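Hi,

Here is the model I said I'd pass on. Have a look, and my notes follow below.

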Amino acid sequence: SAASDVYKRQKLPDGTEVPIRFGSKFTFKSGSWESGFLVANTRRTYWLYGLEPTSLFTVFRLKRSFLRNSTLGFLYEAKEEFWGNHIRLEDRSRMRPSPFLGSAYNSFYYTSQSGSSTHRYYRLLSSDLVLRGSKTQYLLQLAQMFSSYFGGDYEDRGALKTSFEWKPRNFYLSASIEVVGDSFDVSELGYLPWKGTKSLAFVMGPRVYPQKGLFSYLSLWLAGWTSKESGEPYPTQSASITLFANMVGIGGLTFEVAREHECEDTSRYRYWTYYADLWSDYSKPVRGSFWVNFGKGYYRWENGYPLYVFAPRVNGEGQLEISIGRRMSFRLSGDFWLQYDKGGELDNVVVAVRPWIQIALSGNVLFKMYGEVNSYGPAFRDQHVFSRRAAFLLSYNFAPKSWIYLGFNDYEERMSDEFTPVERRGIAKIKYLLYF
């Protein structure tokens with residue numbers, strides 16, 4: 001969409017699900033016109049820090065194509081909250097006390113006072129223009145927020161993004177500008193960069209396609225980026241140089257070196273980052289990839305609050321996939337995060353491992369199994385598993401674009417040296433395409 005994706009609220013921050021009373025979606029396309037409409041009504045829900053009121057979500061989208069491959073679109077998103085008179089003192093007995101705030105958690109609850117408004121709205125109106133040529137593209141996005149929660153002053157509640165891209169065969173150039181108003185807060189509807197952000201970015205470099213030899217593609221890009229949030233004394237800045245290379249029948253690699261200037265609170269930090277990515281030819285029955293990033297700066301939790309630590313960190317991810325004939329494939333992926341203290345000693349290691357297998361039982365029946373194990377510890381040899389997941393999905397394609405799904409998901413976390421179920425559920429779903 002022009003400013004944000006539709007806010008698909010499934011869970012509140014503490015994991016509580018918000019029940020949907022009803023919902024409907026409609027799409028229409030005729031010639032160069034496209035439109036869509038979505039409406040959903042959610043039930044009021046008590047959660048850890050208060051109450052999510054009864055809400056009505058609506059989205060309307062209209063888009064027109066012109067000049068072969070260019071488009072002009074408009075988007076309207078809204079959330080209407082109906083608080084009513086149900087937030088009273090006695091209702092707090094249904095709310096769960098916060099383990100972090102103790103007895104002070106009551107001050108976080110909204111209480112409907114006599115004569116106060118029982119209806120709030122958050123509304124967003126946006127437009128987007130995309131002009132496309134054979135080698136160029138220009139994008140312009142504008143958005144304005146309206147909310148009863150913030151009163152009638154609409155100053156600094158707009159957002160703008162514009163970008164230009166030029167991509168002939170042997171060169172690439174792109175530049176973008178983004179400005180978000182200090183009061184442009186659409187967290188109840190979707191997502192945008194932090195309010196009050198102003199950023200500028202560019203990427204440019206040559207591209208080569210050798211006709212002979214080991215390499216089929218080579219590119220060397222220069223990039224720059226600067227961004228400043230409202231209230232921060234310094235902008236965050238980055239300048240990098242990146243090498244891309246594809247090798248015939250083997251795979252490819254990426255290597256990047258960047259100089260970073262980062263602002264946290266009132267301090268400014270400067271450091272280098274190094275990134276490398278390797279991958280094999282994905283047309284082979286055995287294929288894989290691996291990337292690793294070296295840098296500085298990370299957050300760690302102390303006494304329930306995030307603390308920024310300016311110290312070395314290393315993170316990466318790898319994947320190995322094996323196809324056995326046409327009916328079976330196996331994949332093992334994982335990632336790691338290494339945190340060092342300010343003295344350069346390894347302080348913490350976080351590891352995640354995810355096995356996955358898919359079996360085609362027949363031409364239209366698929367069976368998938370998935371697992372995940374997350375652990376942490378002071379070293380790779382001393383890991384403590386804190387969560388695990390096991391799931392499967394059986395799908396049957398009984399008609400064109402029509403499916404029957406059966407699945408199960410079990411997620412557990414370690415609490416007091418024992419694993420406790422956090423999410424355990426089975427699903428059954430039928431999707432059928434009607435032809436008119």
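The largest nonpolar core has 9 residues: Tyr122, Leu124, Ala143, Met145, Ala159, Val180, Phe184, Val186 and Leu189. Strands β7 (119–132) and β8 (136–147) each give it at least two residues. A separate core of 6 residues includes Val292, Phe336, Val349 and Val351. By core I mean buried Ala, Val, Leu, Ile, Met, Phe, Trp, Tyr and Cys residues joined through side-chain atoms within 4.5 Å; buried is under 20% relative accessible area, exposed over 50%, partly exposed in between (1.4 Å probe, protein chains only). Strands are DSSP runs of E, at least two residues, numbered from the N terminus.

This is a predicted model, so to speak of local features I need pLDDT of at least 70, and side-chain atom pairs count only at pLDDT 80 or more, while totals for chains, interfaces and linings use all residues. Numbering runs from 1 along each chain as its sequence is written, and side-chain values use heavy atoms, leaving out hydrogens and water.

On to the rings: there are 15 aromatic pairs, meaning Phe, Tyr or Trp (six-membered ring) centres within 6.5 Å, with planes under 30 degrees apart stacked, over 60 edge-to-face and the rest tilted. Tyr172 and Trp221 are stacked, because their centres are 4.9 Å apart and their planes at 10°. That pair ties β10 (residues 171–180) to β12 (residues 215–228), 49 residues apart in the chain. Tyr172 is buried at 12% relative accessibility. Tyr209 and Tyr217 are tilted, with centres 5.3 Å apart and planes at 55°.

Cheers

Terms used:
Helix = DSSP H or I, 4+ residues; strand = E, 2+ residues; numbered from the N terminus.
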